[in-house]
Amino acid sequence: MAMCVVCGNDYWMSFEVRTVSGDSYTFDSLECAAQKIAPQCEHCRCRILGHGVEVEGRFFCCAHCAREGGSGLGAEIRDTVGAHPG
């Protein structure tokens with residue numbers, strides 16, 4: 001068994017995540033993994049679990065937050081995943 005680095009639970013089904021930078025973490029759930037390694041939206045502070053939006057090196061959960069987050073790009077920012085082409 002291995003102990004989760006977030007909640008401390010010693011769980012027989014824990015798993016390890018290795019990042020590109022070489023860090024290694026043990027988690028007992030995807031929830032704990034998200035709390036530790038998923039980026040936070042710079043506007044609303046939620047965890048970004050999907051594609052999100054990157055603007056000038058800053059990460060946001062959606063186009064709305066990117067616009068509200070003071071990026072200065074305004075209407076140029078839009079969510080494109082699943083967007084209607086017309």
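1. T26 lies in strand β4, which spans residues 24-27; helices (H or I, at least four residues) and strands (E, at least two) are DSSP runs, numbered from the N terminus. The model is predicted: local features need pLDDT of at least 70, side-chain atom pairs count only at pLDDT 80 or more, and totals for chains, interfaces and linings use all residues. Residues are numbered from 1 along each chain as its sequence is written, and side-chain values use heavy atoms, with hydrogens and water left out.

2. With a relative accessible area of 18%, T26 is buried (under 20% relative accessible area; exposed is over 50%, partly exposed in between; 1.4 Å probe, protein chains only). Leaving aside residues up to four places away in sequence, T26 touches A2, M3, C4, V5, S14, F15 and E16, where contact means heavy atoms within 4.5 Å.

3. Helix α1 (residues 30-37) has C32, A33 and A34 as its buried residues. Strands β3 (15-18) and β4 are among the elements that cover them.

4. The largest nonpolar core consists of ten residues: C41, I48, V53, V55, F60, C62, A63, C65, A66 and I77. Such a core is a set of buried Ala, Val, Leu, Ile, Met, Phe, Trp, Tyr and Cys residues joined through side-chain atoms within 4.5 Å. Both β5 (53-55) and α2 (63-68) supply at least two residues of this core, and α2 gives the largest share, three residues.

5. A second, separate core has five residues, among them C4, F27, C32 and A33.

6. F60, a member of the largest core, touches C41, E42, H43, I48, G52, V53, V55, C65, A66 and G69, residues up to four places away in sequence not being counted.
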